[in-house]
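Me: I'd like to learn how to read the backbone and side-chain features of a protein model. Could you walk me through one, feature by feature?

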Amino acid sequence: MRRANVAITLIGIALLCSAGPARAAELPLAVESFEVSPAEVVLAGPRQRMQLIVGARFAGSDYDLTHAVSYQSADQAVATVDSHGVVRPVAQGTTHVAIEYGLSRQTVDVTVGELADREVSYRYEVLPALTKAGCNSGKCHGSPNGKGGFALSLRAFDPPRDLSVLTRDAGGRRIDPLAPGDSLLLLKATARMSHGGGRRLAPGDPLAAMLADWIAQSAPAGGEEPPAESLEIVPAARRLELAATSQQLRVMARFAGGSARDVTHLAHLSVNLEETAEVSGQGLVTRLAAGEVTVAAGYGPLHATSQIVFLPPAEGFAWPEAPEQNQIDRLVFERLRELRIMPAALADDGTFLRRVYLDVCGILPEPSEVREFLSDGSPDKRQRLIDRLLERPEFADYWAMKWSDRLGCNQRFVGKTGALKYHAWIRHQIAANVPEDQLARTILTASGGNYGNPPASFYRLPRTAEDRAEHVAQVFLGVRIGCARCHNHPGEAWTQDDYYALAAFF
């Protein structure tokens with residue numbers, strides 16, 4: 001427990017790249033390897049599609065060539081492919097798509113199934129389209145009170161209610177099956193009618209056409225559709241050299257029964273660092289600066305992420321022989337080396353001494369302690385100092401204060417006597433070097449009066465099952481699940497079912 005408390009290091013470094021982006025056309029035509037994903041395309045519905053992703057290696061480094069190669073469908077009466085590598089069905093049958101780059105060539109077999117008109121899926125097409133357009137975001141109609149008298153559930157967490165709002169509220173005036181394209185829903189979304197949220201869909205957008213088809217079918221709720229079970233982004237991780245300016249992604253939803261579908265055009269996509277990269281609605285990640293970015297995709301209650309690294313220039317980078325003192329050093333250095341980030345120089349003795357006293361015990365060293373440490377010439381003096389500090393009473397005092405804060409040791413909730421006993425118990429656990437898993441287990445299974453059993457004080461702050469679920473998740477799991485009390489979490493894979501399942505334990 002002691003080592004875990006003092007050895008966690010947070011490193012945040014923003015890298016800016018002064019070199020201008022190189023176009024894919026500037027890359028050599030001869031490649032070491034050339035790979036197209038997926039190796040085979042199966043399209044089973046008229047609105048299905050598949051994004052091809054083309055990767056290559058030059059001089060041992062990865063590049064995305066999806067938007068640099070040429071595509072050609074052998075039989076355009078069966079399937080077409082556009083310049084971005086998106087394959088779409090035309091008629092039942094088989095064909096193949098040829099992909100060429102310089103002297104490299106590959107083919108991908110394409111099978112198109114029965115394309116009879118199929119009902120637009122309300123749950124897996126309409127609602128994701130509204131989410132992608134931002135209609136049910138917290139800033140728009142997904143806010144608690146909606147906008148302009150039109151209130152949808154946040155990110156479509158309540159499909160039955162949203163269906164009623166779309167088709168029955170306001171006298172049913174939001175949709176018009178006899179003139180689908182002129183439905184109020186589409187007139188507003190395409191800004192052909194004044195709309196406070198501005199244009200959310202272009203008039204010719206395939207999503208707008210799909211919504212019009214759904215309205216023309218009298219806005220069906222959908223039957224017994226196989227549920228979507230998981231979501232993934234392809235590739236899940238990619239390291240790209242400076243010359244690579246972009247990376248195409250594909251978002252795949254997998255359904256019960258084993259079927260899979262490309263839902264890139266329906267998924268809500270975002271990046272965590274907008275100064276490093278941006279992502280288009282079609283899954284194209286474009287570099288703005290060197291660095292690492294996480295791309296998040298949401299499709300209904302499902303979420304997935306992809307880690308994309310745009311490496312800084314390799315010229316002049318040479319990893320120094322930095323000393324590794326422990327497992328954390330090894331992991332940190334491994335990551336820094338991968339990202340071509342030079343580690344900070346080793347702190348001098350004076351700086352180290354000040355930092356370690358503050359980090360471990362929350363105090364500054366006495367002048368005599370400073371003189372003693374600086375005059376010590378032994379190579380292991382830093383390690384010996386850490387060991388001594390971990391045995392000092394100030395260590396237990398300092399970390400008992402931190403843990404008391406986390407665990408709700410407050411006389412407002414547990415009483416003055418309860419707070420004194422609770423704090424004394426926490427301090428004893430730290431002084432006795434009790435492992436954190438054992439500490440957590442003792443607290444979570446505590447019962448009875450908090451005077452006689454101090455760890456039971458933990459439950460005096462969160463009094464309801466819901467409050468306890470949120471408190472435990474934040475303190476011991478490091479996640480905030482509070483959003484899922486009222487609706488599926490908009491940015492995490494926590495649903496209301498997950499929330500109340502956890503609350504049921506309490």
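Me: Where in the chain does Pro235 lie?

Reply: Pro235 is in the loop between strand S11 (228-234) and strand S12 (237-240). Helices (H or I, at least four residues) and strands (E, at least two) are DSSP runs, numbered from the N terminus. Do note that this is a predicted model, where local features need pLDDT of at least 70, side-chain atom pairs count only at pLDDT 80 or more, and totals for chains, interfaces and linings use all residues. Residues are numbered from 1 along each chain as its sequence is written, and side-chain values use heavy atoms, with hydrogens and water left out.

Me: Which kind of peptide bond runs from Val234 to Pro235?

Reply: Most residues other than glycine have a negative phi, and most peptide bonds are trans. The bond from Val234 to Pro235 is cis, with omega near -5°. A cis peptide bond also joins Ser37 and Pro38, with omega about -5°. Pro38 sits in the loop between strand S1 (33-37) and strand S2 (40-43).

Me: And phi: what value does Ala219 have?

Reply: Phi of Ala219 is near 50°, which is positive in a residue other than glycine. Ala219 belongs to the loop between helix H5 (206-216) and S11. With a relative accessible area of 8%, Ala219 is buried (buried means under 20% relative accessible area, exposed over 50%, partly exposed in between, with a 1.4 Å probe and protein chains only). Asn433 has a positive phi too, about 60°, although it is not a glycine. You will find Asn433 in the loop between helix H12 (416-431) and helix H13 (436-444), and at 36% relative accessibility it counts as partly exposed.

Me: On to sheets. What is the strand order in the open sheet of four strands?

Reply: Strands of a sheet pair through backbone hydrogen bonds, either parallel or antiparallel. Here the order is S2-S10-S9-S6, with mixed pairing; two strands pair if DSSP finds at least two bridges between them. S2 and strand S6 (70-73) stand at the edges with a single partner strand each, so one side of each has no neighbour in the sheet. S2 and strand S10 (residues 104-112) run parallel and are joined by four bridges, and the bridge partner of Val42 in S10 is Thr111.

Me: How many bridges join S19 to S20?

Reply: Nine bridges join S19 to S20, and the two run antiparallel. Together they form a hairpin with two residues between them, and Gly300 in the turn has a positive phi of about 60°. Tyr299 stands opposite Leu302 in S20. S20 is also joined to S12 by four bridges, in parallel, with Ala237 opposite Gln307. Strand S16 (residues 268-271) pairs with strand S19 (residues 291-299) in the antiparallel sense over four bridges, where Leu269 stands opposite Ala297.

Me: Now helices. Which residues of H7 are buried?

Reply: They are Phe352, Leu353, Val356, Tyr357, Val360 and Cys361. Seen down the axis of H7, these buried residues fall within an arc of 125°, so they line one face of the helix; the arc is that of the directions from the helix axis to the C-beta atoms.

Me: Finally, aromatic rings. How many aromatic pairs does the structure hold?

Reply: A pair of aromatic rings is described by the distance of the centres and the angle of the planes. There are 13 aromatic pairs (rings of Phe, Tyr and Trp, its six-membered ring, pair if their centres lie within 6.5 Å; planes under 30 degrees apart count as stacked, over 60 as edge-to-face and the rest as tilted). The ring centres of Trp319 and Phe333 are 5.8 Å apart with the planes at 65°, so the pair is edge-to-face. This pair links distant parts of the chain, 14 residues apart: Trp319 is in the loop between strand S20 (302-310) and helix H6 (327-339), and Phe333 is in helix H6. Phe333 is buried, at 12% relative accessible area. Phe458 and Tyr459, with centres 5.3 Å apart and planes at 85°, are also an edge-to-face pair. Phe458 is buried at 0%, and Tyr459 is buried at 11%. Ring pairs link Phe458, Tyr459, Phe476 and Phe506 into a cluster.
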